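Subject: Structure for you to look at

Hello,

Here is the structure I promised to pass on. Please open it next to this email and read along.

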Amino acid sequence: MSIRQQNDAIDRLAMTYLPERLGEPSDFEFEWGKVEFVQRVWESQIEDAWRVDLQVHAMRGARLTDAEGLREFLIDYHEKDADWATEPLGDNGFAGEREAVVLLEPGLAAEVRDPFGRQGIEEVKHIAAGIRLLEL
């Protein structure tokens, strides 16, 4: 598979790796549960409909103090059961079936989601591992 190295950024987070097969990007800002989100969504047109290829959320909020607090927040946000099956990812992250989440510092996290299984969990983990905080 061909890849592209890219320094795309959202909300001071650089995405150093993205797969080539992503469609058109769109950015959105919103707040949920006292956490501010900046979201980038890539979509591709398939026949007469648009399909989400990938989502990346930059999340900022006091609730995001550690990996466990982040997980608890996302259980609420994504309406998951308390026994949501996740596995550790690095020192401050975790991965589920179609998402990978990293806590970059207290109060700042990133989530990479593949809601329709278009990229695969290994690609999602690779993207999440390449997210870096940009210095001002």
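Predicted model: local features only at pLDDT ≥ 70, side-chain atom pairs only at ≥ 80, totals over all residues.

Residues are numbered from 1 along each chain as its sequence is written, and side-chain values use heavy atoms, without hydrogens and water.

The protein chain has 2 helices and 10 strands. These are DSSP runs: helices are H or I with at least four residues, strands are E with at least two, numbered from the N terminus. The order from the N terminus is β-β-β-β-β-α-β-β-β-β-α-β.

The C-alpha atoms fill a box of roughly 40 × 35 × 25 Å along the principal axes. Of the 136 residues, 46% count as buried, that is, under 20% relative accessible area with a 1.4 Å probe, protein chains only.

Now the inside. A nonpolar core is a set of buried Ala, Val, Leu, Ile, Met, Phe, Trp, Tyr and Cys residues joined through side-chain atoms within 4.5 Å. The largest one has 22 residues. Among those touching the most other members are Met 15, Trp 42 and Ile 131. Elements giving two or more residues to this core include strand E4 (35–46), strand E5 (49–60) and helix H2 (121–129). Strand E2 gives the largest share, 4 residues. A second, separate core has 14 residues, including Leu 74 and Phe 94.

Best wishes

Definitions and conventions
Buried < 20%, exposed > 50% of the residue type's maximum accessible area, 1.4 Å probe, protein only.
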